[in-house]
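Biologist: Could you help me learn to read a protein model? I would like to begin with charged side chains.

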Amino acid sequence: MPAKPDHDKSSLENTPHYHGHRERLRERFYSAGADALSDYELLEMALFPALPRRDTKPLAKTLIKTFGSFAEVVHAPMARLREVDGVGEAAINQLKLIAAAAHRVAKGEVNSRNALSSWNEVIAYCRTSMAFADKEQFRLLFLDKRNQLIADEVQQTGTVDHTPVYPREVIKRALELSATALILVHNHPTTHPMITLDHVQYR
């Protein structure tokens, strides 16, 4: 009787070694939650769709070592990401999608709460939006009398250490929106993730 072809064995031999690692990582993520994963492991998973035929673990570790944290990686400037060996456009698009999603989620949480009731909430919201930007931004949060967020707008974008401010434009926009309070925010790329906030209230 002829021997049965060992297709299963051949298939296993041709399977990249990292496939089993990916499955184990997914299982841990779904069973124990995101908090059970380190920054580089979460970044590994985030890069799976962009790099389906590569072991993403070495790249994830390199990115964390280069930029410092998961948040700093996804918010890193595209030019700096391109300097990292192994990072292509697909990986950059995936990272920037995550950054945009994080900002959209943070904005949605603020809208669902209807109010920025503490400085901690304001800082957390602003950090998601701009703390890791590579250029200074002058951002305005327009609030009503109950501290409900009416609008979140970037009025100016400057250089790495300077951004212009035009008070007349700020007041003009506040009047257009009928805002009763403003939170003025700008970041410090040279010392990021540092941000500065000022609160202005008027009648």
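Modeller: Happy to! Remember that this is a predicted model. Side chains of opposite charge can pair when their charged atoms come close. Here, R82 and E89 meet through their side chains in a salt bridge, at 2.8 Å from N to O.

Biologist: Are R82 and E89 buried, exposed or partly exposed?

Modeller: R82 has a relative accessible area of 42%, so it is partly exposed. E89 is partly exposed as well, with a relative accessible area of 42%.

Biologist: How many salt bridges does the structure hold?

Modeller: There are six salt bridges. One of them links E23 with R26, where the closest N and O atoms are 2.8 Å apart. These two residues are three apart in helix α2 (residues 18–32), which means that about one helical turn separates them. E23 is partly exposed at 43% relative accessibility, and R26 is partly exposed at 27%.

Biologist: Which residue forms a salt bridge with R139?

Modeller: R139 pairs with D152, and their closest N and O atoms are 2.8 Å apart. Because R139 lies in strand β1 and D152 in strand β2, the pair ties together parts that are 13 residues apart in sequence. Both R139 and D152 are buried.

Biologist: Now for strands. How should I read the two sides of β1?

Modeller: Start with the general idea: in a regular strand the side chains alternate between the two faces of the sheet. In β1, Q137, R139, L141 and L143 are buried on one side, while F138, L140 and F142 are buried on the other. Seven of the seven residues of β1 (residues 137–143) are buried, so the strand is largely enclosed by the rest of the structure.

Biologist: How do β1 and β2 pair?

Modeller: They run in the antiparallel sense, with seven bridges between β1 and β2 (residues 149–157). L141, for instance, stands opposite D152.

Biologist: What follows α4?

Modeller: G68 does, and its phi is positive, near 115°.

Key: Residues are numbered from 1 along each chain as its sequence is written. This is a predicted model: local features need pLDDT of at least 70, side-chain atom pairs count only at pLDDT 80 or more; totals for chains, interfaces and linings use all residues. Side-chain values use heavy atoms; hydrogens and water are left out. Helices (H or I, at least four residues) and strands (E, at least two) are DSSP runs, numbered from the N terminus. Buried means under 20% relative accessible area, exposed over 50%, partly exposed in between (1.4 Å probe, protein chains only). Two strands pair if DSSP finds at least two bridges between them. A salt bridge is a side-chain nitrogen of Lys or Arg within 4 Å of a carboxyl oxygen of Asp or Glu.
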